[in-house]
Amino acid sequence: MSLRTCTLACLAALGAATASAQEWIAGIGFRTFFDKREYSGMGFDGSKTFFAARLTPEAGRRWAECNRLMAAVDLMQDFGDGSTFLTEAKPQIWYQYETPRVLAAAGIFSRTKLRGDYGEAFFDRAYAFYNNRLQGVMGQYRSEGGGFVELAIDWEGMQSAERRERFRLLSAGELHGHRFYGGYALSVLHFAKTSAPAADEGIVDHILVNPYAGLRFSAFFDFDIRLGYLQSLQRDRIAEGGWEAPKGGVLDIRFSRWGLSLGNMLYAGENQMPFYDRYGGALYSGCAFFGTRDHIYNRTDLSYGNSFFGGTLDIRAGILFHYDGVGLGTQQVLTLSVKLEKIFGRQAK
């Protein structure tokens, strides 16, 4: 879809809203993403820098308090890319139903509507930024105590002669006590062939589940201690080995105060990406270090995060140290996000 077509779609939605709806909505989102990775000498030598910005204007209508019909366009630019006016322009078009307990959406909508903790074993930071939309449906229930459960289906890739068919089921849930909590995250990915498959193309089924339990408490610092388990089931149908079932444990300890946070995550277990050499990032969306062949991956980070101006501006920055059993690498990250929205009232005629 061209930039002109996306813009016209947003204007059409805005025009329809102003003409016939009791309330119409106009908003805009902005985000910059900086991620510098220095991984030379590690088992996964993926040193690179991501630096980009995204602007998302949106408009639509709201009726009966809980219904929305929205249109938006993602305008994304990689810094330093002077080959085109915009690196990417993609539409968002969705219907949303929301009450204090229930959220449902259908169409093409932002990944931020998901509430589940799909950590970097599921989605790497850069992958989540560049693939910020879900194309499908989702439903979510939220309890009074802060617990929730959600289910989403994301159609990530339509099959063509050059592109594989990909679709993913996502689910997560969490329950809260006074200090203890527990939950899970689940991803089920079907990675199929192109419509004109090459001889070495396989069909891969990839299931990843992460149940966890944790403890949160305050003692001058805010502490969060979580113990989780990663289990995957993977099958490449062109291989004769059947299902692979790598597993491992994750211990995540974090304490924070005044927006500053110090954390350490330790993964001890098997290679969660057994088909990485064949499919790489086309199949695996998670952090590549969970594919460690030395049964250990440790990440230590020092970060700062805070919101300002009534939550409309959010800033996150940090430095991370990675050890994969082979070498030590560093990562510097910075994100700045702005979200503005205005709801205009109109009396029905």
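Here's a short tour of the core and some salt bridges. This is a predicted model, where local features need pLDDT of at least 70, side-chain atom pairs count only at pLDDT 80 or more, and totals for chains, interfaces and linings use all residues. Residues are numbered from 1 along each chain as its sequence is written, and side-chain values use heavy atoms, with hydrogens and water left out.

Start by selecting Y118, L283 and F290: of the 40 residues in the largest nonpolar core, these touch the most other members. (Such a core is a set of buried Ala, Val, Leu, Ile, Met, Phe, Trp, Tyr and Cys residues joined through side-chain atoms within 4.5 Å; buried means under 20% relative accessible area, exposed over 50%, partly exposed in between, with a 1.4 Å probe and protein chains only.) Apart from it lies another core of seven residues, including F33, F50, F129 and Y130.

Next, pick E156 and R166, a salt bridge with the closest N and O atoms 2.6 Å apart. (That term means a side-chain nitrogen of Lys or Arg within 4 Å of a carboxyl oxygen of Asp or Glu.) Both E156 and R166 are buried.

Now jump to D301 and R254, whose salt bridge has its closest N and O atoms 2.9 Å apart. D301 counts as buried at 7% relative accessibility, while R254 is partly exposed at 23%.

Last stop: R316 and D314, another salt bridge at 2.9 Å, N to O. R316 is partly exposed, with a relative accessible area of 40%; D314 is buried, at 18%.
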